[in-house]
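Subject: Handing over the structure

Hi there,

Here is the structure I promised to pass on to you. Have a look at it first, and then read my notes below with the model open beside you.

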Amino acid sequence: MRSEPVQGALLRYPPGSLVILTGLPGAGKTTLLQRLYGLGGAESLPVTRGPAVVIDSSQSRRHWYGRLPWAPYPLRRAVVFVTHVSRIRQALARGQAVVAHNRGCGPYVLRAFAWLARRNRSSFHLLLLDAPPEAALEGQRARGRVVAPRTFARHQRQWESLVVRVKNGDPAPATGARIMDRAEATLLEEILFDSPREF
C-alpha cells in the first residue's frame, strides 16, 4: 500500500488529486470537513479553498431539498448522488484538486471514482475515517438522521471489507489509502496538494 505521508498534522497529495473521505454514516466525515475548511453546514454548492474544491454530499442534498416532492425517495437519492459525482467530475476537469465526502465505499462506487480520476489524469486517494459502529450510530442520532438498520449493516460490511484490504496493503482501485481514527482526525490541521505527481 502506498500511504500518503503524514508530517505532524498534515496530509500531502499531488496537485489535482481526488481525495475521497469515506467512513460509516455518522463517523464524523462532515464534521472533519467543516473544521478543516470552515464550512458552516448550510452550503448547497461546492466550496473552493486554495487549490482544492471541497465537495460534501450534503451540499447536493441541500441543493435538491424540496425540489422533487413528487419523486419517490430512491429517485431523489439517485438524483442527489448523480449531482454529487457530477460536481466532482467538473472540478477534476478544471484541473482542481478535490476533497470529497462519500459515505458509500462499495467496490463499484470506488471504481467509478478511480475511472473519473484516470479520465482527468488525477491520482485517486482514499482517506478512511474509522469509527466504531457504536460511535457512528451515536453520530447519526446526534445529527438527527439515522440510517435504516439494513442499510447501515450493508455499509458496515462494505466498510469492514475495505479496511481489511487496506490494512493488508491493497488500496485498489485507489493509488493510496490512509486510515485515521477519530483521535487522529482531531489532530489533522491541513490537507496539502504539493507532493510530486506519481505519473
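Let's begin with a cavity: its lining is made of T30, Q34, L39, G41, E43, D56, S58, Q59 and R62. On a 1 Å grid over the protein atoms alone, a cavity is a set of points where a 1.4 Å probe fits but cannot get out, and a residue counts as lining if it has an atom within 4 Å of a point. Helix 1 and helix 2 are the elements that give two or more residues to this lining, and helix 2 gives the largest share, three residues. Helices (H or I, at least four residues) and strands (E, at least two) are DSSP runs, numbered from the N terminus. Sorted by class, the lining has one nonpolar, five polar and three charged residues. Here Ala, Val, Leu, Ile, Met, Phe, Trp, Tyr, Cys and Pro count as nonpolar, Asp, Glu, Lys and Arg as charged, and the others, Gly among them, as polar. The volume of this largest cavity is about 30 Å³, where a volume is the space filled by probe spheres set on the grid points, which are joined across faces, edges and corners.

A word on the model before we go on. It is a predicted model, in which local features need pLDDT of at least 70 and side-chain atom pairs count only at pLDDT 80 or more, while totals for chains, interfaces and linings use all residues. Residues are numbered from 1 along each chain as its sequence is written, and side-chain values use heavy atoms, with hydrogens and water left out.

Next, the largest pocket. A pocket, unlike a cavity, is an open set of points with protein on both sides within 12 Å along at least five of seven lines. The largest pocket has a volume of about 1,300 Å³. Its lining has 44 residues, and S57, R61, Y73, R103 and R145 lie nearest its centre. Two or more lining residues come from each of helix 1 (29-37), helix 2 (57-64), helix 3, helix 5 (133-143) and helix 6. Which helix gives the largest share of this lining? That is helix 3, with seven residues. The classes here are 16 nonpolar, 17 polar and eleven charged residues.

Now for the nonpolar cores. A nonpolar core is a set of buried Ala, Val, Leu, Ile, Met, Phe, Trp, Tyr and Cys residues joined through side-chain atoms within 4.5 Å. Buried means under 20% relative accessible area, exposed over 50%, and partly exposed in between (1.4 Å probe, protein chains only). The largest core has 28 residues, and L18, I20, I88, V98, F124, L126 and L128 are those with the most contacts inside it. Among the elements that give two or more residues to this core are strand 3 (18-22), helix 3 (73-93) and strand 7 (124-130). Another core, of 23 residues, lies apart from it and includes L11, V54, L129 and F193.

How many salt bridges does a search of the whole structure find? There are three, a salt bridge being a side-chain nitrogen of Lys or Arg within 4 Å of a carboxyl oxygen of Asp or Glu.

- R12 pairs with D194, with the closest N and O atoms 3.0 Å apart. This pair links distant parts of the chain, as R12 is in strand 2 (residues 10-12) and D194 in the segment after strand 9 (190-192), 182 residues apart. R12 is buried at 19% relative accessible area, whereas D194 is partly exposed at 42%.
- R141 pairs with E138, with the closest N and O atoms 3.2 Å apart. Both lie in helix 5, three residues apart, about one turn of the helix.
- D170 and R165 meet at 3.5 Å, N to O. D170 is partly exposed at 33% relative accessibility, and R165 is partly exposed at 27%.

Finally, two spots in the backbone. A cis peptide bond joins A172 and P173, with omega about 10°, and P173 is in the loop between helix 6 and strand 8 (176-181). R121 has a positive phi, near 55°, in a residue other than glycine. R121 sits in the loop between helix 4 and strand 7 and counts as exposed, at 59% relative accessibility.

Enjoy exploring!

Best wishes
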